Amino acid sequence: MEYYINHNIYKSGEGLTLSEITLKLPIHIEKIILNNKGNKYDFEKNKISNYLIEILIDYSFISEIENHYNLIPNSNYSFYSLDSKCFLEEFKKIKYEVGIFEVPYFHGAIKHDYSVQSVYVLKENSYKTPNPNDSFIFEQNHSYKQRKVLDYGFLRINQKKIMEKEIYSLSHKIFSTCEKCLLPVFIGGDHSITYSILCGLRDSNPNEKIRLVNLDAHSDLGYFDKEIFNGNVINAISTIDNVEVINFGLRGPITYNEAKNIKSKLKVFTDIDKMLNYLYLDKTVKTYVSIDLDVFDPSIISAVTFPVSGGIDIEDYERLLEGLKELNIIGVDVVEYNATFDYNSQNASSINLIIYKIIKMLQSIR
């Protein structure tokens, strides 16, 4: 059988390294891998043992899909002072966790004043929020067993097409090997990361229905041909097989093209209870939640690229989380924080609390 060899493997000392994993391999296999990076190769034909093939698959050196996995563990500091681990070393041991993954992708931002440092600014300010493993929300009943939360690292800022493939490869690895035992929280970055994440999710679950609950002030149904940006990401997602898209928070002006597409591509809710009643018709559907921070009123969060007045407040958000935890949630992303518009990083602290609250919700999901 042919396997794709990871693009990001490099020679390191006496072995080959990817992410934080170094494998010492026979010289002839090293040569095969280094000479065929990024290409398909028939390992079985060359009499490489099934045992070694399984090891190479486990550590993402090779894969049945085109392989750009390149997650870097946090070696210096992490979100909320969480323990930081190498995902490739840990994924077989994961039983009941929430994992944070940093995705500083900004190539989908159609405005040029998007700060590429936004995820870094959030992490830098997260120390002001308690470690989720050591704290709880006062009003919350925490008599249940909580999932442990870990920080699994970040993707480096890279070229647009490379990062899209890296996000896809990361998502596919998570959802094909750790579904339900690990609930990922992807911290972006602009909203276009959701497309690559859902493509990875879809390809790891090709025959199952997926539901996207998109908390967003905009429809993001702009014209879609090949290039994905934050204004057409939902239009792009609507082309993925067997994905239902639900919007909560849509308000303000829309373009003619968006208006044409809304009825056929979205279910739009403006009332929390009505949306939850619809979602509760089938609680078993695999549900992915995307939180575009412009869903909040600018009086709560203003450091987004396209703020729109009339958004939700923290009380609404907490009601949403309380209702969503009844569903089959399999992952979350939080996107569109723009540090360019955040004076003295005041919004960064508020957003870290918003992320903290969804982490606490995910910790309670069985």
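Axes here are lines fitted to C-alpha atoms, for helices over the stretch in contact, with angles running from 0 to 180 degrees between N-to-C directions. Welcome to a predicted model, where local features need pLDDT of at least 70, side-chain atom pairs count only at pLDDT 80 or more, and totals for chains, interfaces and linings use all residues. Residues are numbered from 1 along each chain as its sequence is written, and side-chain values use heavy atoms, leaving out hydrogens and water.

**A helix pair**

- The axes of α9 (residues 272-279) and α10 (residues 314-324) come within 10 Å and cross at roughly 10°; helices are DSSP runs of H or I with at least four residues, strands are runs of E with at least two, and both are numbered from the N terminus.
- That angle makes α9 roughly parallel to α10 (angles under 35 degrees count as such).
- On the α9 side, the contact (heavy atoms within 4.5 Å) is made by Ile272, Asp273, Met275, Leu276 and Leu279, and on the α10 side by Asp316, Arg319, Leu320, Gly323 and Leu324.

**Backbone features worth a look**

- Most residues other than glycine have a negative phi, and most peptide bonds are trans.
- Gly188 and Gly189 are joined by a cis peptide bond, with omega about 25°; Gly189 sits in the loop between β9 (182-188) and α6 (193-204).
- Asp220, in the loop between β10 (210-215) and α7 (233-237), has a positive phi near 55°.
- Asp220 counts as buried at 5% relative accessibility (buried means under 20% relative accessible area, exposed over 50%, partly exposed in between, with a 1.4 Å probe and protein chains only).
- Asn242, in the loop between α7 and β11 (243-248), has a positive phi of about 60° and counts as partly exposed at 43% relative accessibility.

Note on methods
Parallel < 35°, antiparallel > 145°, perpendicular 65-115°, else oblique.
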